[in-house]
Amino acid sequence: MLTAFLREARNCHLNVAAMRALTMKIRDCVALFEDFSFSFDELLHADGLRYGLPAQEVFEAYDSQPEWQSRAPDLKARATKAAEIFPFDRWPDWRLGYGFCNATGIMMVWQDSTGKWLAQDSLPQDERMPAASVVVFQWENICAIAWDAAGAR
């Protein structure tokens, strides 16, 4: 997947230094995702617990959705554990690792005012881009390419 991403980055005219910086960023995010193997839902609920929402309110979805009811005790326990140990200051990095490993959503890359390459796993909610030039990759499309045959063109 990393090779697929880098090939697409090159097709978007990102230079070698940018691709190297982004590769290091992705590897760091994937390592964080693998170190904290919680599900996306568990971390969302853990974030609610961490910010002081009553547990009953946080776990209401588990109790009201039939597909979660049988797994609710385990999910609640994992979310509670995540609230205690997960480094929430690195939540965007975990999400990027999650998106990369699961080939979901999009990845946005750009260079900040200091020249550092940054990446994010979603478009901004206010729809404003973080820089004048932003490259957006759709994971599903990158991963769907038949890369073994693509080099022959």
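The largest pocket of this predicted model holds about 190 Å³ of space, where a pocket is an open set of points on a 1 Å grid over the protein atoms alone, at which a 1.4 Å probe fits, with protein on both sides within 12 Å along at least five of seven lines, and the volume is the space filled by probe spheres set on the points. Local features need pLDDT of at least 70, and side-chain atom pairs count only at pLDDT 80 or more, while totals for linings use all residues. Residues are numbered from 1 along each chain, and side-chain values use heavy atoms, without hydrogens or water.

The lining of the largest pocket, meaning residues with an atom within 4 Å of a point, consists of Trp91, Pro92, Arg95, Ala119, Gln120, Asp121, Ser122, Leu123, Pro124 and Gln125. Two or more of these residues come from each of helix 8 (91-102) and strand 2 (117-120), helices being DSSP runs of H or I with at least four residues and strands runs of E with at least two; helix 8 contributes the most, with three residues.

Elsewhere, helix 3 (residues 40-50) packs with helix 7 (residues 72-85) at an angle of about 55°, their axes lying 8 Å apart. On the side of helix 3, the contact (heavy atoms within 4.5 Å) is made by Glu42, Leu43, His45, Ala46, Leu49 and Arg50, and helix 7 supplies Leu75, Arg78, Ala79, Thr80, Ala82 and Ala83.

Technical notes: Axes are lines fitted to C-alpha atoms, for helices over the stretch in contact, and angles run from 0 to 180 degrees between N-to-C directions.
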